[in-house]
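Reader: Hi! Could we look through this one together?
Author: Happy to, here it is.

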Amino acid sequence: MTEGEFDIIQRYFTASKRVPRKDVLLSVGDDCAVTELNPNQHLAITTDTMVENVHFLPNIRPADLAYKAVACNLSDLAAMGAEPAWISLALTLPKIDHDWLAEFSESFFDILDHYNVDLIGGDTTKGPLSVTITAQGIMAKNKCLCRHHAKVGDWIYVSGTLGDSAAGLSFLLQGKSAVNSAQEYLIRRHLHPTPRVLLGMELAMTGFVNAAVDISDGLVADLGHILTRSQCGAVIELDKLPLSPQLIDEFGAEQAEQFALSGGEDYELCFTVPDSHKAKLEKALAHLGISYTCVGQIRHAGKKRIQFQRNGQPVEIVTHGGFDHFK
């Protein structure tokens with residue numbers, strides 16, 4: 001008997017090792033999932049599609065694809081300050097490959113279980129390989145982080161280090177295997193980014209942050225979204241950019257800087273903090289163990305939306321606009 005989509009769902013996508021969340025009333029197996037919100041909560045929803053040869057290479061391991069597909073969506077929720085709760089998966093497959101599905105499914109549920117997220121529905125279809133995820137998260141009322149509230153004078157922060165993912169991708173695009181620990185680190189950062197869920201939730205709950213975005217298309221592009229929505233400008237201090245020693249060792253300072261500004265897919269958070277809350281926020285974040293760096297300040301909008309300085313002096317540099325599907 002030929003296996004079909006419902007066999008795939010039953011065999012590979014009902015495999016969570018956790019007890020289901022109590023706020024899931026009806027899950028995989030019905031026409032719709034049913035979940036529950038408390039009266040003092042809001043729902044954050046994001047959808048992201050990853051297509052073979054556009055978002056990932058054909059030779060990517062299914063475990064890496066599953067992890068990254070989930071992590072990208074959790075990063076969007078983190079940027080809003082939401083606690084991840086539920087995910088739907090639409091998986092398009094060229095054929096049924098049980099080895100591929102087993103590895104994909106195991107990694108998929110590993111990251112869901114780590115973040116206490118339930119798979120509550122989705123779809124499986126035949127066609128070119130693609131993964132579409134809709135993720136939903138919960139936030140307290142009036143605690144949402146948005147892009148449009150940045151104010152002149154805010155300090156601009158980023159979490160983690162920038163540029164590592166783009167550097168790792170550059171090795172993969174050349175078909176290279178890692179020959180040292182630095183290259184292994186950079187490739188790992190591309191395939192296994194860390195969604196800053198706890199940081200996002202903490203930023204939202206403190207109320208000290210005016211605006212936030214996750215860095216998926218590069219710092220210049222994603223900070224640009226905040227500036228456009230908030231009708232502001234910014235200055236970035238190039239010597240303050242957080243660059244990993246692995247990135248500098250492999251590519252040098254100049255290329256590392258370009259990766260950090262325009263590379264994308266770091267999935268770190270960029271957020272703005274008013275001067276009056278700067279010290280309080282740093283105290284509030286001390287227990288998280290997550291690095292973050294002040295890289296600039298929000299200014300009045302000028303002829304150039306973003307200006308650059310090095311050691312306090314204005315400099316002119318050329319940056320790429322960040323990833324755009326239709327350019």
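Reader: Where does UniProt place the feature "binding site"?
Author: UniProt, in an unreviewed entry, puts that feature at D31, D76 and D214. Keep in mind that what we have here is a predicted model.

Reader: How far apart are the farthest two C-alpha atoms of that set?
Author: They are 32.5 Å apart, and the set spans 184 residues in sequence, so these positions do not all gather at one spot. D31 from this set belongs to the lining of the second largest pocket.

Reader: OK, let's stay with D31. Where does it lie?
Author: D31 is in the loop between strand 1 (24-26) and strand 2 (34-35).

Reader: And is D31 buried or exposed?
Author: Exposed: the relative accessibility of D31 is 82%, and the cut-off for exposed is over 50%.

Reader: What about D214, buried or exposed?
Author: D214 is buried, because its relative accessible area is 3% and buried means under 20%. D214 is part of strand 8 (residues 211-214).

Reader: Which residues is D214 in contact with, leaving aside its neighbours within four places in sequence?
Author: D214 is in contact with S75, D76, A79, D222, Y267, E268 and L269. With S75, the D214 side chain makes a polar contact to the side chain at 2.8 Å.

Reader: In which sense do strand 9 and strand 12 pair?
Author: Parallel: strand 9 (residues 233-237) and strand 12 (residues 306-310) share four bridges. Within that pairing, A234 stands opposite I306 of strand 12.

Reader: Switching topic to strand 6: how many of its residues are buried?
Author: Nine of the 11 residues in strand 6 (residues 130-140) are buried, so this strand is largely enclosed by the rest of the structure.

Reader: And how many bridges join strand 6 to strand 3 and to strand 4?
Author: Strand 3 (residues 41-51) pairs with strand 6 over 11 bridges, antiparallel, and A44 has G137 in strand 6 as its bridge partner. Strand 4 (residues 83-93) also runs antiparallel to strand 6, with nine bridges; there, L89 is partnered by I133 of strand 6.

Notes. Residues are numbered from 1 along each chain as its sequence is written. This is a predicted model: local features need pLDDT of at least 70, side-chain atom pairs count only at pLDDT 80 or more; totals for chains, interfaces and linings use all residues. Side-chain values use heavy atoms; hydrogens and water are left out. Buried means under 20% relative accessible area, exposed over 50%, partly exposed in between (1.4 Å probe, protein chains only). Helices (H or I, at least four residues) and strands (E, at least two) are DSSP runs, numbered from the N terminus. Two strands pair if DSSP finds at least two bridges between them. UniProt positions are given in the numbering used here, feature names are shortened, and annotations may be inferred rather than shown by experiment. On a 1 Å grid over the protein atoms alone, a cavity is a set of points where a 1.4 Å probe fits but cannot get out, and a pocket is an open set with protein on both sides within 12 Å along at least five of seven lines; lining residues have an atom within 4 Å of a point. Contact means heavy atoms within 4.5 Å. A polar contact is a pair of N or O atoms within 3.5 Å; within protein, one must be able to donate a hydrogen and the other to accept it, and residues adjacent in sequence count only if both atoms are side-chain atoms.
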